[in-house]
Amino acid sequence: WFKANPETLNKLERVSINLSGRTLSDRGFHDHLVQRVHLGGVPAKKLCFEITESSLVGSLSQLRSLVQELQDLGCSVALDDFGVGLCSFGYLQDLPVDEIKIDGSFIKRMTTDPVAERIVTALKAVADATGKRTVAEFVEDKRALDMLAKLGVKYVQGWLFAKAMPLNELPIFLKDQKPV
């Protein structure tokens with residue numbers, strides 16, 4: 001779709017693609033994905049592949065290999081929904097992901113629940129300690145955005161900025177956006 005719509009792609013800083021746990025354990029899929037990045041028509045620097053924390057229960061060495069291959073191509077890799085699975089902080093040292101996406105369940109509650117705010121603060125500190133960029137999911141209101149800014153979280157996503165939409169509506173949405 002992006003290859004056929006380069007004007008839309010040019011307006012985007014990045015395109016994130018979620019990978020399922022099943023695909024992460026399939027070596028054939030790894031090869032297919034790397035080939036598609038080569039041939040896909042989207043600059044690798046604009047691609048971010050997101051893996052969920054819960055998908056890390058498979059082969060860590062195989063996953064590490066895929067992450068490294070994607071990064072070598074110029075893509076970035078994010079650990080999605082961080083903080084709600086059974087992930088050890090040790091994974092952050094062992095897995096060379098570029099960013100951690102703090103699970104939205106904490107973000108949604110942080111304005112009213114001091115424990116959720118402390119968890120977000122701790123996850124941000126762990127990300128900083130391991131040299132990872134931090135992204136907050138599910139930012140739905142200005143109050144949460146302001147709290148995240150005070151915590152030093154520079155990257156956010158959520159319905160405060162846009163609701164989910166079909167891909168074919170993206171060009172219309174972007175036409176109405178002002179540069180940041």
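The buried residues of helix H8 pack against helix H6 (104-109), helix H7 (114-129), strand E5 (133-136) and strand E6 (155-156). Here buried means under 20% relative accessible area, exposed means over 50%, and partly exposed lies in between, with a 1.4 Å probe and protein chains only. Packing is judged by contact, that is, heavy atoms within 4.5 Å. Helices (H or I, at least four residues) and strands (E, at least two) are DSSP runs numbered from the N terminus.

Before I continue, a word on the source. This is a predicted model, in which local features need pLDDT of at least 70 and side-chain atom pairs count only at pLDDT 80 or more, while totals for chains, interfaces and linings use all residues. Residues are numbered from 1 along each chain as its sequence is written, and side-chain values use heavy atoms, with hydrogens and water left out.

As for confidence, pLDDT is the predictor's confidence in each residue, from 0 to 100. The protein averages 89, and 93% of the residues score at least 70. Confidence is highest in H8, at a mean of 97, and lowest in H5, at 74.

Let me return to H8. Its buried residues are Ala144, Met147 and Leu148. They lie on the same side of H8 because they cover an arc of only 100 degrees around the axis, the arc being that of the directions from the helix axis to the C-beta atoms. Lys142, Ala149 and Lys150 are exposed on the face turned away from that buried side.

Lys142 belongs to H8, which covers residues 142-151, and its relative accessible area of 52% is why it counts as exposed. Its side chain makes a polar contact of 2.7 Å with that of Asp146. A polar contact is a pair of N or O atoms within 3.5 Å; within protein, one must be able to donate a hydrogen and the other to accept it, and residues adjacent in sequence count only if both atoms are side-chain atoms. Lys142 and Leu160 are 18 residues apart in sequence, and their C-alpha atoms are 7.5 Å apart in space.

How is the N-terminal end of H8 capped? Asp141 does this, with a side-chain oxygen 3.2 Å from the backbone nitrogen of Arg143. After H8 comes Gly152, with a positive phi near 90 degrees.

I turn now to H7. Its 16 residues should span 22 Å at 1.5 Å a residue, and its end C-alpha atoms are 22 Å apart, so the two agree; the expected span is 1.5 Å times one less than the number of residues. Ala116, Val120, Leu123, Lys124, Val126 and Ala127 are buried in H7. These residues cover an arc of only 160 degrees around the axis, and therefore share the same side of H7. Arg118 and Ala129, on the other side, are exposed. The cover over the buried residues of H7 includes E3, H5, strand E4 (99-102), H6, E5 and H8. At the start of H7, a side-chain oxygen of Asp113 comes within 2.9 Å of the backbone nitrogen of Val115. Gly131 follows H7 and has a positive phi, near 75 degrees.

The next helix is H4, residues 60-73. Its 14 residues should span 20 Å, and the end C-alpha atoms are 20 Å apart, which agrees. Buried in H4 are Leu60, Leu63, Leu66, Val67, Leu70 and Gln71. Their arc of only 130 degrees around the axis puts them on the same side of H4. Their cover includes helix H2 (21-24), H3, strand E2 (47-52), strand E3 (76-82) and helix H5 (90-94).

A nonpolar core is a set of buried Ala, Val, Leu, Ile, Met, Phe, Trp, Tyr and Cys residues joined through side-chain atoms within 4.5 Å. Of the 43 residues in the largest such core, Phe49, Ile51, Leu70, Ile107 and Leu148 touch the most other members. Not counting residues up to four places away in sequence, Leu70 touches Leu33, Val37, Phe49, Cys75 and Val77.

Finally, some backbone angles. Most residues other than glycine have a negative phi. Asp81, in strand E3, has a positive phi near 55 degrees. Phe138, in the loop between E5 and H8, has a positive phi of about 60 degrees. Both residues are partly exposed, Asp81 at 24% relative accessible area and Phe138 at 41%.
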